[in-house]
Amino acid sequence: MKIDINNLNKSYGNENIFRNFNLEFNDEKVNCIVGQSGCGKSTLLNIIAGLEEIDAGDISGYLKRDISYIFQEDRLIEWLTVKENLELTLKKYFDKNLLEKEIEKILSLVGINNIKNKYPNALSGGMRQRVNIARAFGKPSKIILMDEPFKSLDYKLKYTIIDEFKTILERKKRMVILVTHDVDEAIYFQGNVIIFGSKPVEIRGVFNKELYKHKDEILKLI
């Protein structure tokens, strides 16, 4: 699985976000896009997901159905239980006879099978995010897009859930593209770190080895 972005152009009015922009993702690992707020990180995710139209260029190597998207907010439906929220998303991908087994399997994988009959408003922020992650992994996708999904969590809980996410990723391989402004978070995933510069977006650096040793260099490039 790979994503090829070739000569991408995207503007909002007179503001040029991407101009002849090129980037390739081709690893079954976490690709972290880091940059200042408003530099185009989330716009790129939305373009890949098909939520934003491009002005020119080409994006190839995958199909829209290959994608799961984990947003900053969990977007759970409050009047449906955890199980019903997952059913709503996953029923289009699984036969009715298999759907319940698949939901049980993914809830067990994330460690939240005991809350399947609870409503979202009865859950903590961390539990809601675990449901969000379960929903993304439950879909038979090949790519997971993540737009700062850990932003609202406190430090300890954030890294607990990241560890759980990494463990699941070892068992259910996916290409992950994660947008974050938190350098420590990006480094912790031990994947690829891609630094975005100001608009029109430029790639200021790509790091994929000995990330902790490169932290100061990464910070200078943001």
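Analyst: Gladly! Helices (H or I, at least four residues) and strands (E, at least two) are DSSP runs, numbered from the N terminus. This is a predicted model, where local features need pLDDT of at least 70, side-chain atom pairs count only at pLDDT 80 or more, and totals for chains, interfaces and linings use all residues. Residues are numbered from 1 along each chain as its sequence is written, and side-chain values use heavy atoms, with hydrogens and water left out.

User: Where is asparagine 20 found, and what is its phi?

Analyst: Most residues other than glycine have a negative phi, and most peptide bonds are trans. Asparagine 20, in strand β2 (residues 15–25), has a positive phi near 50°.

User: Which peptide bond is cis?

Analyst: The one from lysine 199 to proline 200, with omega near -10°. Proline 200 belongs to the loop between β8 (192–196) and β9 (203–207).

User: Which residues touch the most other members of the largest nonpolar core?

Analyst: In soluble globular proteins, nonpolar side chains tend to be buried together. A nonpolar core is a set of buried Ala, Val, Leu, Ile, Met, Phe, Trp, Tyr and Cys residues joined through side-chain atoms within 4.5 Å. The largest here has 43 residues, and Ile133, Phe137, Met146, Phe150, Phe165, Phe189 and Val193 touch the most other members. Helix α5 (residues 155–171) gives the most to this core, with 6 residues.

How values were computed. Buried < 20%, exposed > 50% of the residue type's maximum accessible area, 1.4 Å probe, protein only.
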